[in-house]
Amino acid sequence: MSTARTRAVRLTRWGGRPVLTELPQPTPTGEQVLVRVEAAGLCRSDLHVADAAPGGLPYRIPFTLGHEIAGRVLERGPRAVGPAVGERVAVYGPWGCGRCANCAAGAENYCDRRPDLDRELAGTGAGLGRDGGMADTVLVPSGRLLVPVGDLDAAQAAPLTDAGLTAYHAVTAAGRPLADGASVVVLGVGGLGHLAVQILRATTTAQVLAVDVREEALALADACGAHFATLLRTDTVRVLRARTGGTGAVAVLDFAGSRSSLELAVAVLRAGGELVVVGSGGGELTVRKPGALPPGTRISLPFWGTLPELERVLALAREGALRVEVERYALSSAPEAFERLRAGTVRGRAVVVPD
C-alpha cells in the first residue's frame with residue numbers, strides 16, 4: 001500500500017473558506033486513473049459551491065475543489081482504458097454514469113444520473129461533490145474522461161476544460177444564426193466571455209459585440225477580436241441596436257446572468273433570436289405571452305459541454321486560435337487566488353499550479 005501523500009484544497013464546511021491540507025495519495029483500482037496535476041483552473045462556480053448553505057447542494061463534505069484539470073497520467077487501475085502512463089491529458093470534468101444514452105454520446109454533462117441508486121453519482125463531477133484537481137494528484141473514475149493534450153501548456157489546457165468548453169457549448173447552443181454574418185452580443189468578458197469572443201471569431205462569421213462593466217474587460221475583448229466593445233451604460237441598448245442596423249442581435253450570450261444583464265439581453269435581442277444564459281448571477285426572467293421577450297425567442301441554459309466538444313476546443317488551442325488569459329498561483333497560494341476571484345480582480349482565469 002502506498003505511503004505517498006498529496007496536498008489538496010478542501011471544502012470542509014459549508015460557507016467556510018477552503019483549506020489546504022494533506023491526505024494519503026489515492027491508489028487507482030478497476031478503471032480508475034491517477035493523474036499528477038500540472039494545473040487546475042479556479043472558477044466562480046467554486047465560490048458558489050464554497051458559499052453554499054448546508055443542504056443547498058446535493059454534495060457531501062469534505063471534498064477537494066477544482067474541476068478544471070490538466071496533468072500527466074501517473075498510475076492506472078488494472079482495467080483502465082485510454083491514455084498510457086506518462087501521457088499528458090486534460091480531464092473532462094462532468095463525471096456521469098457512463099451508461100445512459102447521454103453519456104454514451106459523450107454528453108456526461110447531461111447524465112441521467114440517479115444518485116438515490118448510486119452513491120458515487122451524488123456529485124456532478126470533479127470538484128463538485130467528488131474530489132477534484134486542486135491538489136497534487138486527482139483520481140479520475142475512468143480513462144474515458146481523459147483527452148490527450150500533447151505539448152499544450154497545462155495552464156492553458158486546464159481552463160479549457162470548463163471555461164473554454166462551456167463557452168464553446170454556449171456558442172453551439174446559439175445555433176444556425178451565427179453563420180450568416182449577423183450580430184451576436186457577448187455579455188461579460190471574464191473567464192468564459194473572453195474565450196467565447198475568440199471561439200465566435202474562429203468558428204463563425206458573426207459580428208461580435210461585447211459588453212462589460214469594467215474598462216479592463218473591454219481591453220481584453222478587443223485583444224480577443226471583438227468587433228466592438230462597450231461599457232454597460234444607460235444608452236447601451238441604443239448603441240448596440242444601432243450597431244445591428246436597428247433590428248437587434250440574432251443571439252445574446254449572457255455570461256453574467258444578473259438582473260441587469262438579462263434586462264439588456266432582452267432589450268437588444270431581435271425577433272426569433274437566441275438567448276443563451278450561461279452565468280449564474282441570480283437574475284430572473286419572466287416568460288409570458290405577450291411579454292417583454294421578443295416574439296420567437298428561444299432560450300437555452302447550457303451546462304458545461306460534451307466530450308467531443310472538449311476535443312474540438314483543445315484542437316483550436318493547439319492550432320493557435322484560442323488562448324486563455326491566465327493568472328498563475330502556486331497551490332500553496334490558493335486561498336489568495338480565491339480572494340482575488342471573490343473581489344472580481346482576476347483578469348481572465350486564475351490557475352493554480354502545484355509548487
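Select Pro62 to begin: this residue lies in the loop between helix H1 (44-51) and strand E4 (63-64). Keep in mind that the model is predicted. The peptide bond that joins Ile61 to Pro62 is cis, with omega about 0°.

Go to Pro290. Its loop runs between strand E15 (269-277) and strand E16 (298-300). Display Lys289 as well. The Lys289 to Pro290 peptide bond is cis, and omega is near -10°. Most peptide bonds are trans, and most residues other than glycine have a negative phi.

**A positive phi**

That second rule has an exception to look at. Select Trp304, in the loop between E16 and helix H8 (307-318). Trp304 is not a glycine, yet its phi is positive, near 55°. Is Trp304 buried or exposed? Its relative accessibility is 4%, so Trp304 counts as buried.

**Zoom out**

Show the whole chain as a cartoon. There are nine helices and 18 strands in the protein. The radius of gyration is 20 Å, close to the 20 Å that the globule rule gives for 355 residues, so the protein is as compact as a globular protein of that length.

Colour by burial next. Of the 355 residues, 55% are buried.

**Helix H4**

Select residues 193-203. This is helix H4, and it is mostly covered, with eight of its eleven residues buried. Which residues of H4 are buried? They are Gly193, His194, Leu195, Ala196, Val197, Gln198, Ile199 and Leu200.

Two helices are part of it: H3 (154-174) and H5 (215-223). The cover also includes strands E11 (183-187), E12 (207-212) and E14 (249-254).

**Helices H6 and H7**

Hide the rest and keep residues 236-243 and 259-268. Two packed helices are described by the angle between their axes and the distance between the axes. For H6 and H7 the angle is about 35°, and the axes are 10 Å apart. H6 passes H7 in a right-handed crossing.

H6 contributes Thr236, Val237, Leu240 and Arg241, while H7 contributes Leu264, Ala267 and Val268. By class, this contact has five nonpolar residues, one polar and one charged. An α-helix has 3.6 residues a turn, so residues three or four places apart point the same way.

Centre on Ala350, which sits in strand E18 (residues 349-353).

How does Ala350 count, buried or exposed? Its relative accessible area is 1%, so Ala350 is buried. Finish by showing its contacts. Leaving aside neighbours within four places in sequence, Ala350 touches Ala40, Gly41, Leu42, Glu327 and Tyr329.

Note on methods
Residues numbered from 1 in each chain as written. Predicted model: local features only at pLDDT ≥ 70, side-chain atom pairs only at ≥ 80, totals over all residues. Heavy atoms only, no water. Axes fitted to C-alpha atoms, helices over the stretch in contact; angles between N-to-C directions. Helix = DSSP H or I, 4+ residues; strand = E, 2+ residues; numbered from the N terminus. Left-handed = near helix turned anticlockwise from the far one by under 90°. Contact = heavy atoms within 4.5 Å. Nonpolar A, V, L, I, M, F, W, Y, C, P; charged D, E, K, R; others polar. Rg over C-alpha atoms; globule rule 2.2 N^0.38 Å. Buried < 20%, exposed > 50% of the residue type's maximum accessible area, 1.4 Å probe, protein only.
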